[in-house]
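Here is a short report on one protein model.

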Amino acid sequence: MAIRIEKAVILGAGTMGARIAAHFANAGVPCTLLDMVPRELTPEETRRGLTRESPAFRNRLALAGIETAKKSRPAAFFVVDFARLIRVGNFEDNLDWCRDAHWIIEAVVEDLEIKRDLLGRVEQHRKPGTIVTTNTSGLPIHLVAEGRSADFQAHWAGTHFFNPPRYMKLVELIPGPSTKPEVLAALDEFCDLRLGKGVVAAKDTPNFIANRIGTFSMLNAVRLMMELDLSIEDVDACTGPAIGQPKSATFRTADLVGLDVLAHVVHNIYDSVPDDESREIYKLPQLIEEMMKRGWLGEKTRSGFYKREKHSSGENEILALDWRRMEYRPRQKSKFVSIESGKLIEDTRERLRSFMNPIFDGKVVDKAARFIWGALSEMCLYAARRVPEIADRIVEVDRAMRWGFGWELGPFEIWDAVGVERMSQMLKMLGKSLPPLVNSLSASGKKTFYESAQGRTSYFDLASALYRPLEEPPGIIILKSLREQSKVVEGNSGASLIDLGDGVLCCEFHSKMNAIGGDIVAMLHAGLKRLRSDFEAMVIANQAVNFSVGANLMLLLVSAQEQEWDDIHTAVRQFQNVNMAIKYAPRPVIAAPQGMALGGGCEISLHAARIHAAAEAYIGLVETGVGLIPAGGGSKEMLIRANEHAAGGEDLDLFHAMKPIFENIAMAKVGTSAEECRALGYLRPSDAIAMNRDRLVGDAKQTVLAMFRAGYHPPAPPQIRVLGEEMLAAAKLAIHQMLRGEYISDYDALVARKLANVLAGGALSASQTVSEQYVLDLEREAFVSLCGERKTQERIAYTLKTGKPLRN
């Protein structure tokens, strides 16, 4: 019988506990957050008349955890209102609430005895069959639950969430000695489907998988920095996006984690791995010891490897630590020929080869390339030595590093990218002994740890010395695999039509940044044509980082500078036409945005019969940021939503419904989660959200099939009520006040007035109903007129260069 998980209790309201509770709330799962009763009343509590019996005093720590989570950046909650799903209490009065839980998560301080004592108290209230897990980052799972009953042990495991839990995909699932398989299956399924996590099976070894490899990598970077006499900034230039790792790289990541936390992890590994051949690297470097003595713990103390300094002007400056002198100085930009050359190579695998191949060929390279070789080769070697100690398969190691540390490639994927044979030869030449895993691969005659053929991937299995198929969980669709299986129906440079099976077609964008141009518009039309004859439904989706960042601004800028107004009119009209064709397609078309869906990407989504968004979808009409307004029907669709929202259809209600729409578009507001996008009006109440991004295409396919099977009919064209001068007058007053308050520039005011004219339906003397085409024409005219403005062209050029908006 499957184990049901519908309610949870989280024990400990610190950084991790409170944010785990917040993510349960994001998933719509009611939960309880408990912590200790404080020792003493604060002066503020005394002034408020609280006593030691007051719930506000006794639950202070849990309440504070929720308040901190509400204010945290990046945001812990999809929308702050979700905090209402969390009930707070304390260990003295409310441990009996554990009786109602299906899953109890312990997330208190990393102290073995404290954890054991708390779990002993929990067992007095826990119902038999209730799952209990620990969120420890490295303590032995079997020791934490030592002494508990047989039923407790059978339902016991480690579930190591990564910080921040909302954003980091990884959960390491570590069984105890007696954990039932059905318990692990229930946790795996819940974390995957409800919390949107990537679950990796780890063994009960020190710091499990990700922290074991990641900590080695970080300490190795410190060693190499000193050997090669590099600066803090040099190392971060070498260990960030240059090698497919996050922008926080090595030392910014250490500051975010906290040097005290890092030191705890390092000490735990060193004490727990007497047989690790690389154990000495886990001795805390003197540099970090000295920083801790000085209280330089990272972000929490505003001083770590980097330091935030606030000037009298109110502006923040970030300084970097000169580790040789142990003093802070202004940050310096690192310049290495190899790194600069690598920036021109988009593909990470190819970029890594560009760093490594000169070394393999015996050529002279700069310090950055030498650092990257030392960092990656030692890490890959270490990871290979840890299989099967920390995990039975290389797959778990690679997934743990991708999902837990944000690496684009895991260790064994890096081996494959640079060439197992070439790296092995180089390591042997340097006197390094190769681990059994690498020797077994070589002896089998295989050249890579992974092999792909006809859309199916296999991995090298150490136990059998054979390739084993890498099966995806049911419900997950990988578009790349379908392409390799020759499921592409039609395509061009910007998009492809892929047969998802069961009569569902997918239009996948694959232009640079998925920017929308004529090629994508053409393929959308081609998909709609095939939908009428060959398919039952269509999904507009891709599996890039971002759904679409909007229109191809470079092409637009060139046309504007060449004053090709007819061409711009035509391009905008074509985009409007394809969006209207999506909206009124005879069979359902849904959009499945993930990551950023901005400008034109948002407009395509707004016209779909339904949106099935990833939970982490950031949707918005951002055209005003480059001095334009939405012209692909985005303003029109938001007008329609305002009409829908206006209860009873009275002018006053429509006026108030229009106000946030105008503000959102004028201020280029972007939702920071799919749920916030719903609050901003970009998603309707009927639109769906997929917690697990990997499942988005599969979920969207099921949604659109259900619509077709329910007898889908396209919507009837609406009559859109606009307010004319009533709205224009109010908008102009608001714009004037913003201008006088110096919140916006003169040019922002010009753009906002153009937008107001569109949303008002023009300078009409009274409210009236208009057609969609009427509003589309207003959008297009305003858009083209703004393209002719010098300041708009300056804004577009600046955004293309920097990726940021210009306020001029």
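In which helix is the place of Ser605? Ser605 sits in helix H25, residues 600–607. Helices (H or I, at least four residues) and strands (E, at least two) are DSSP runs, numbered from the N terminus.

This is a predicted model: local features need pLDDT of at least 70, side-chain atom pairs count only at pLDDT 80 or more, and totals for chains, interfaces and linings use all residues. Residues are numbered from 1 along each chain as its sequence is written, and side-chain values use heavy atoms, with hydrogens and water left out.

Ser605 is buried, with a relative accessible area of 1%. Buried means under 20% relative accessible area, exposed over 50%, and partly exposed in between (1.4 Å probe, protein chains only). Leaving aside neighbours within four places in sequence, Ser605 is in contact with Phe547, Ala591, Pro593 and Ile611. Contact means heavy atoms within 4.5 Å.

Glu327 is found in strand E11, residues 327–330. Glu327 is partly exposed, at a relative accessible area of 40%. Leaving aside neighbours within four places in sequence, Glu327 is in contact with Ala320, Leu321 and Asp322. Glu327 and Gly550 are 223 residues apart in sequence and 44 Å apart in space, C-alpha to C-alpha.

**The sheet and its helices**

Eight strands form an open sheet in the order E3-E2-E1-E4-E5-E6-E7-E8. The pairing is mixed. Two strands pair if DSSP finds at least two bridges between them. Strand E3 (86–90) and strand E8 (198–201) stand at the edges. Each has a single partner strand, so one side of each is left without a neighbour in the sheet. The twist averages 25° from one strand to the next. Axes are lines fitted to C-alpha atoms, for helices over the stretch in contact, and angles run from 0 to 180 degrees between N-to-C directions.

Strand E7 (residues 170–175) pairs with E8 in the parallel sense, over four bridges. Leu170 stands opposite Gly198 in E8. Helix H17 (residues 394–405) lies across E7 and E8, at about 140° to E8. Helix H1 (residues 15–26) lies across several strands, including E1 (8–11), E2 (31–35) and E3. H1 runs at about 170° to E2.

Elsewhere, strands E13 (residues 456–461) and E14 (residues 466–469) run antiparallel and are joined by four bridges. Asp461 has Leu466 in E14 as its bridge partner. E13 and E14 form a hairpin with four residues between them. Ala465 in the turn has a positive phi of about 60°.

**Nonpolar cores**

A nonpolar core is a set of buried Ala, Val, Leu, Ile, Met, Phe, Trp, Tyr and Cys residues joined through side-chain atoms within 4.5 Å. The largest core has 118 residues. Leu11, Tyr282, Phe305, Phe371, Phe412, Trp415 and Phe449 touch the most other members. Helix H16 (residues 367–385) gives the most to this core, with 12 residues. A second, separate core of 84 residues includes Leu528, Leu654, Ala657 and Ala674.

**Aromatic pairs**

Rings of Phe, Tyr and Trp (its six-membered ring) pair if their centres lie within 6.5 Å; planes under 30 degrees apart count as stacked, over 60 as edge-to-face and the rest as tilted. By this rule the count comes to 15 aromatic pairs. Two of the pairs are set out here.

| Pair | Centre to centre | Angle between planes | Type |
|---|---|---|---|
| Phe412 and Phe449 | 5.1 Å | 70° | edge-to-face |
| Trp415 and Phe449 | 6.0 Å | 70° | edge-to-face |

Phe412 lies in helix H18 (residues 411–418), and Phe449 in the loop between helix H20 (436–443) and strand E12 (450–453), so the pair ties together parts that are 37 residues apart in sequence. Trp415, in helix H18, and Phe449 are 34 residues apart. Phe412 and Phe449 are both buried, and Trp415 is buried too. Ring pairs also link Phe24, Trp103 and Phe190 into a cluster.

**Cysteines**

How many disulfides does the structure hold? It holds zero disulfides, a disulfide being a pair of cysteine sulfur atoms within 2.5 Å. The sulfur of Cys191 is 14 Å from the closest cysteine sulfur, in Cys31, too far for a bond. For Cys787, the closest cysteine sulfur is in Cys602, 18 Å away, also too far for a bond. Cys191 is buried, with a relative accessible area of 2%. Cys787 is buried, with a relative accessible area of 1%.
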